[in-house]
Amino acid sequence: MRAEEFLGLFPEESRGRWREVAKLAKRLQEVRLRAGMPLTILVDNGERFVDRQGMIVDRPEEAARPSPEELENMLGHLCRYSIYAFADEIRQGFLTVQGGHRVGLAGQVILDGDGRIKNMKYIRYLNIRIAHQIRGAADLLMPCLFEDGRVLSTLLISPPGGGKTTMLRDIIRQISDGTAYGAGVNVSVVDERSEIAGSYLGVSQNDVGIRTDVLDGCPKVEGMMRLIRSMAPGVLAVDEIGSLADAQALQMAGGCGCKLLATVHGGSMEEVRQKDYMRYIMEQGLFERYVMLDRRRGACRIVEICDREGKPCTRQ
C-alpha cells in the first residue's frame with residue numbers, strides 16, 4: 001500500500017494528521033477510531049497511538065480522541081457522501097473501499113419487525129483493516145496441492161489473524177493463472193465479506209487470477225449453489241466456513257465435480273475435530289488436504305499438512 005492510497009482513506013481536511021502514519025503504510029495493519037477514545041494503530045503486530053499533531057506515541061493518554069462528528073465525517077467520506085448507496089453494506093457492519101481495504105462499523109442497530117437488523121445509526125466505532133496482498137505467499141504450499149496436474153480440495157486452518165485468507169487468495173490466483181504443477185482452472189469465489197477479492201463497485205481490487213469469477217457480498221450457502229449453476233467452475237472457493245449448512249453446501253458442490261478451497265478458524269487439527277460441522281466434513285471426505293497455519297513475527301507459516309483422514313503427511 002502506498003502512502004497516497006492510505007491518505008485517500010481520510011477526508012482531505014484531516015489528512016495532515018495522518019502523514020506520519022502514512023509513512024508506515026506498507027507495515028500498517030489496522031487503524032481504530034472510537035468516539036472519545038484514543039486513536040489506535042496496529043503496525044508490525046504492535047499497538048501504537050496517534051496524537052493531535054499526527055505523531056505516533058506509545059501511551060494512550062497522549063493520543064487524540066476523535067469526536068462523534070469526526071467519525072460521521074469519516075464515514076461520509078468513505079461512502080463518497082452517499083451513505084444511502086452503502087446502506088446494505090452498513091447493515092452488514094462493514095464497508096469495502098477502493099484498494100480492497102475493509103472498514104468495520106459498530107454503533108446502534110435498528111431492528112425490523114422480525115428482529116433482524118434493518119440499519120445502523122450513531123456509528124461511533126470504525127476499524128480500518130488494511131489489505132496487503134502478498135503474491136507468492138502460497139509458493140511453498142503449491143506443490144502439495146496438486147496430484148498429477150489435478151487440484152486437490154484443500155482446507156486452510158489457522159487462529160484468527162493467522163494468515164489463512166492471505167494464503168487462500170494467493171492459492172486462488174495461482175490455480176486460476178496456472179502453475180508449473182497444473183494448467184489454469186476456472187475458479188469461482190463466494191466472497192461473503194469482501195475479504196478475498198476485496199471488490200469495490202463490483203471490481204476485484206486484489207489479483208485473484210485471470211480465470212476467476214467473484215460473487216461478492218453473498219451468503220456462502222446460496223452463493224455456492226448460484227455459482228455452480230451459472231459459472232461452471234472447476235474450483236469453488238469460500239472463506240471461513242462455520243456451520244453444518246456450510247458443510248452440506250460444500251458437499252453438494254463437491255458432488256457436482258468441483259474441487260474445493262476453504263478456510264476455518266482453529267488452533268490445531270484436534271481443536272477443529274471438536275466442531276460438529278468439521279466432524280461431518282471429515283466423515284464425508286470433502287477435503288484431500290488440511291493445512292495448518294500460524295503467524296510468527298508477522299509472517300504466515302505452514303505448520304502441518306494432513307491428508308484426507310487428518311493424518312500428517314508433511315511438516316515444515
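Reply: What follows starts at the core, moves to a helix that contributes to it, and then turns to the pockets, the cavity and the salt bridges.

The model is predicted. Its largest nonpolar core has 34 residues, and F6, W18, L95, L105 and I128 are those with the most contacts inside it. Eight elements each supply at least two residues of this core: the helices α1 (3-7), α2 (19-22) and α3, and the strands β1, β2 (40-43), β5, β6 and β7. Leaving aside residues up to four places away in sequence, L105 touches L75, I90, G93, F94, L95, M120, I123, Y125 and L126. Another core lies apart from this one; it has 32 residues, including I228, I241, A247 and V272. As a general matter, nonpolar side chains in soluble globular proteins tend to be buried together.

Helix α3 spans residues 68-78, and its buried residues are L71, M74, L75, G76, H77 and L78. L71, L75 and L78 are all in that buried set. In an α-helix there are 3.6 residues a turn, so residues three or four places apart point the same way. The cover over the buried residues of α3 includes β1, β5, β6 (101-111) and β7 (117-129). One of the buried residues of α3, L75, is also among the contacts of L105. After the helix comes R80, with a positive phi near 55 degrees.

β1 (28-34) and α5 (164-177) each give at least two residues to the lining of the largest pocket, and the largest share, 4 residues, comes from α5. This pocket has a volume of about 880 Å³. Its lining has 30 residues, with Q29, R129, I130, T166 and R295 nearest the centre. By class the lining divides into 6 nonpolar, 13 polar and 11 charged residues.

The second largest pocket has a volume of about 240 Å³. It is lined by 16 residues, and F86, E89, S194, L201 and D216 lie nearest its centre. Two elements give two or more residues to this lining, α4 (87-92) and β5 (94-97). α4 gives the most, with 4 residues. The lining has 6 nonpolar, 6 polar and 4 charged residues.

S194 also lines the largest cavity, together with V190, D191, E192, R193, E195, K220, D239 and E240. This cavity has a volume of about 50 Å³, and a search of the whole structure finds 1 cavity of 30 Å³ or more.

Two of the residues that line the cavity, R193 and E240, form a salt bridge in which the closest N and O atoms are 3.8 Å apart. The pair links distant parts of the chain, 47 residues apart: E240 is in the loop between β13 (235-238) and α7 (244-255), and R193 is in the loop between β11 (187-191) and β12 (212-216). E240 counts as partly exposed because its relative accessibility is 22%, and R193 counts as partly exposed at 32%.

The structure holds 26 salt bridges. In one of them R32 meets E30 at 3.1 Å, N to O; E30 is buried, with a relative accessible area of 16%, whereas R32 is partly exposed at 29%.

How values were computed: Residues numbered from 1 in each chain as written. Predicted model: local features only at pLDDT ≥ 70, side-chain atom pairs only at ≥ 80, totals over all residues. Heavy atoms only, no water. 1 Å grid on protein atoms, 1.4 Å probe; cavity = no way out; pocket = protein on both sides within 12 Å on 5 of 7 lines; lining within 4 Å. Points joined across faces, edges and corners; volume = space filled by probe spheres on them. Nonpolar A, V, L, I, M, F, W, Y, C, P; charged D, E, K, R; others polar. Buried < 20%, exposed > 50% of the residue type's maximum accessible area, 1.4 Å probe, protein only. Contact = heavy atoms within 4.5 Å. Core = buried A, V, L, I, M, F, W, Y, C linked by side-chain atoms within 4.5 Å. Salt bridge = Lys/Arg side-chain N within 4 Å of Asp/Glu carboxyl O.
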